[in-house]
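Work through these exercises with the model open. Each task is followed by a stepwise solution.

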Amino acid sequence: MEKFFNPRSIAVVGVSEDPRNLGRNITKNLHEFSFDGILYLVGPRGGTAFGRRIHKSVADIPDQVDLAVIMVPARHVASVLEECGQKGIQRAVIETAGFSEYGKEGRQLESQILEVVKKYDMRFIGPNCIGVINMKNGMAVPFPALKDVIPRGKISIISQSGGVGLDYLNVLASENLGLSKFASIGNKLNVDECDLLEYLIQDDDTEIICMYLESIVNGERLMRLARSTSKPILLHKSNIGHLAQQIAQSHTASLSGDDEVVSAALKQVGIARFQDEHTLLNYLKILPLPPMRGNRLAVLSRSGGHAVIAADACEKTGFLLTPFPEPFLREIEKHFRASVIRLTNPLDLGDLFDYEVYSRIVDETLKLPEVDGVVFLHTYISATERENSRALLEKLEEFSVLHGKPVAACVSTDGEEMSILRKTLPNPVFTAPEETITALALLRDFKHDAQPTPKTPPGNSADKEIRAILANSSKSKSPVLLDQALQIIKSCGIGIARHQTVYSLPETLKAAEEIGWPVALKLISQGASHKSDVGGIKININSPEQLHQAYHELDQAGKNIKSSGRCCVLVQSMQKNGLELILGAKQDPTFGPVVLIGLGGIFVELLKDVSMRVTPFGADEAQKMVKELKAFPLLTGVRGQPHRDLDALHQAILSVARLVENFPAIRELDINPLMVLPEGQGVVAVDARIITE
């Protein structure tokens, strides 16, 4: 990736003398941003542009070239790449549109350029993109005409959309936030977001990485890279898909649609997902501050009204406004002109007009161990308080660094003064109390440290039985039926309810007597995937008479289905004293195996109280999954209910994770219900459904 951002020489291919030519815009941008390398122009008609010769082909360039920026009609891109390959150019940015986004003909053109780059072992960004920027060396090759008004800084951007990428550049410019590197990746036919993310993680000039993606090429690699760094990664993932819901055959798949899995995966590795530019801006303004190590906030305000607004915002975002110590308040009170304001947190400084005292108050507030962060709400008239206010705002940044705690400054002044502040202050300022508190909440909730990728536990002897069942299902081209699914669940280490598989009424009666009344009868048939939908389940059968009637109803349901293959009945003990959960998994096409836990039973899809993780993960994540459920209090013994066996539940989650990791042929899996028994008694799978390839 280095030569995409730090080429010593660039050839812009597609330049002409026509003033409307987009290749000329690329050349203008390189001049505008003062590119520090060698520049060559190429166009089939030759001529000159900006005092430079336009070479008629890449081959005419007399020297070696590191990077080609290509802006020619789509049908000519492959031939230009061929010239680049012959010339020894190993990197290209293809900004031309008209490829797969335009249908079959465009896909054929993509195939042609892939053949060329494979032949010459080249790498390229694009096509259908607006190019790359490196602020450090002036390497700016987008085809839209730009102005060098973006500050140099430590924020880098990867954007699948050129238009959205330009929006982000405007956000940075308007708030005086500094850009390091920018890459628009378009169709990402060769270089994708993970290639660039890996480079930016290692880049010393990048401290925050912002991404806009409409698709994720390799979710597993994205998660692995996020785990490898402590740099903040912010991602706007759009193009929310519903493919998983459309093809789902299990509860798990319908509950864990494409976008739900994306959110779960990003949260799992500490990538902050945002949906709009306002949230992005709050992140970019607040993340450079020291971390928020707790939830206790101090609000200092020159305006009583703004203090009240800030207090409301703290309540909405869950911040604690910790009381100030009495000695601290009494010392401040000495500086007030009159004792007419009750001193609390938020601290109303409306009766105080001494800027030196403001500084001392902020300094002393940050020293308090019961304060994790400070909001300073500053309202002033620039004509009379300009110099003092600017000096104070600079001191706030110094205090923040000195004490290692965030100080978020919210300023209310005139527009001209705000514009100057944005251009001159070392740290960004906020303009509304609610926005300031919301941004601090983002800082508080953002937890991202480098972490090792968990490893999947190795297989064991029980895997042979699982493998045999799956192999038989594949060989016979038949689904995994209920009794087989329960056997797989048992083999992976999860308890199952007592049961027997029977083929006649006498066998059914004998099994019920051996298992013990009451029992449940369940139809086993290829056509009874969702048993309740076809009348294929009977519960709480307490006598031979009830069993006789239930058996004949199941027998008739089996005949109505008219399904080929094995058709029989499962006799199962009725499980009592358990809380019903669903435990499931599916193979996600982007991220791989995903495990889900949630409130189970027949209302699972209605209530949708679920938590997800992408495998592999360890015991700590299994515990977090359970605690994230709204139903979690039901597991801890509320209102006289027994405390449930959480250890067994956590182990069951890990067992399912290991199962779908080691057996990718399992595409979808439901254990519903999984009965969580009182503490020390374990968990019991009552029903299971497994969908294979």
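Axes are lines fitted to C-alpha atoms, for helices over the stretch in contact, and angles run from 0 to 180 degrees between N-to-C directions. Helices (H or I, at least four residues) and strands (E, at least two) are DSSP runs, numbered from the N terminus. The model is predicted: local features need pLDDT of at least 70, side-chain atom pairs count only at pLDDT 80 or more, and totals for chains, interfaces and linings use all residues. Residues are numbered from 1 along each chain as its sequence is written, and side-chain values use heavy atoms, leaving out hydrogens and water.

**Exercise 1.** Describe how H12 and H17 pack.

Step 1. Take H12 (residues 304–317) and H17 (residues 433–445): the angle is about 35° and the axes are 8 Å apart.
Step 2. List the contact (heavy atoms within 4.5 Å). H12 supplies His306, Ile309, Ala310, Ala313, Cys314 and Thr317; H17 supplies Pro433, Glu434, Ile437, Ala441 and Arg444.

**Exercise 2.** Is Arg444 buried or exposed? What does Arg444 touch?

Step 1. Arg444 is found in H17.
Step 2. Its relative accessible area is 13%, so Arg444 is buried (under 20%; exposed is over 50%, partly exposed in between; 1.4 Å probe, protein chains only).
Step 3. Leaving out residues up to four places away in sequence, Arg444 touches Met292, Gly294, Asn295, Thr317, Gly318 and Phe319.
Step 4. A polar atom of the Arg444 side chain lies 2.9 Å from the backbone oxygen of Thr317.

**Exercise 3.** Which helix lies across S20, S21 and S23?

Step 1. H19 (residues 482–491) does, running at about 45° to S23.
Step 2. H20 (residues 505–515) also touches S20, S21 and S23; its direction makes about 170° with that of S20.

How values were computed. Polar contact = N/O pair within 3.5 Å; in protein donor to acceptor, adjacent residues only side chain to side chain.
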